[in-house]
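Visitor: I am new to this model. Can you show me how to read a pocket and a salt bridge?

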Amino acid sequence: MSRKPSLLATAIKAGEQPAPTPAAPETPAEPKRRARSPQPAGSYVAPSRANKTAKTHYLPPVYWETLEELSFRTRDPQGKRIPQERLVAEALNLLFAKYNFPVVREGGE
């Protein structure tokens with residue numbers, strides 16, 4: 001019985017091979033710059049995450065545990081669990097209001 005080739009070994013071999021030399025393109029008057037897109041071409045973005053960004057915050061575990069418990073126990077008028085993202089957004093709006101900053105209104109909420 002033969003062994004399957006290691007993915008790591010295959011990647012190392014591919015990395016060791018010299019890159020093909022690109023053909024010399026015509027030199028335009030101005031260098032072309034690719035427009036930066038928020039997502040690489042061909043990558044899938046869930047509709048619930050479109051036009052949103054992720055931020056990481058380091059907090060003691062009790063904050064995250066309480067947020068998970070709150071999300072688990074609270075329900076919207078249709079009886080569905082309220083996602084943690086929505087609870088955090090609500091908390092941020094309360095914080096903004098406390099410090100006299102405009103609250104964020106998103107999607108008719």
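**Pocket and salt bridges**

Guide: By class, 19 nonpolar, eight polar and nine charged residues line the largest pocket. Nonpolar means Ala, Val, Leu, Ile, Met, Phe, Trp, Tyr, Cys or Pro; charged means Asp, Glu, Lys or Arg; the others, Gly among them, are polar. The model is predicted: local features need pLDDT of at least 70, side-chain atom pairs 80 or more, while totals for chains, interfaces and linings use all residues. Numbering starts from 1 along each chain as its sequence is written, and side-chain values use heavy atoms, without hydrogens or water.

Visitor: What volume does the largest pocket have, and which residues are closest to its centre?

Guide: The volume is about 1,700 Å³. Of its 36 lining residues, Gln84, Glu85, Arg86, Val88 and Ala89 are closest to the centre. Helix 2 (61–73) and helix 3 each give two or more residues to the lining. Helix 3 has the largest share, eleven residues. Val88 sits in helix 3 (residues 84–98).

Visitor: How many salt bridges are there?

Guide: A salt bridge puts a Lys or Arg side-chain nitrogen within 4 Å of an Asp or Glu carboxyl oxygen. The count here is two. Lys52 and Glu106 pair at 3.7 Å, N to O. Their pair links distant parts of the chain, 54 residues apart: Lys52 is in the loop between helix 1 (7–16) and helix 2, Glu106 in the segment after helix 3.

Visitor: Which residue pairs with Glu69?

Guide: Arg73 does, with the closest N and O atoms 2.3 Å apart. Glu69 and Arg73 are four residues apart in helix 2, so about one helical turn separates them.

Technical notes:
1 Å grid on protein atoms, 1.4 Å probe; cavity = no way out; pocket = protein on both sides within 12 Å on 5 of 7 lines; lining within 4 Å. Points joined across faces, edges and corners; volume = space filled by probe spheres on them.
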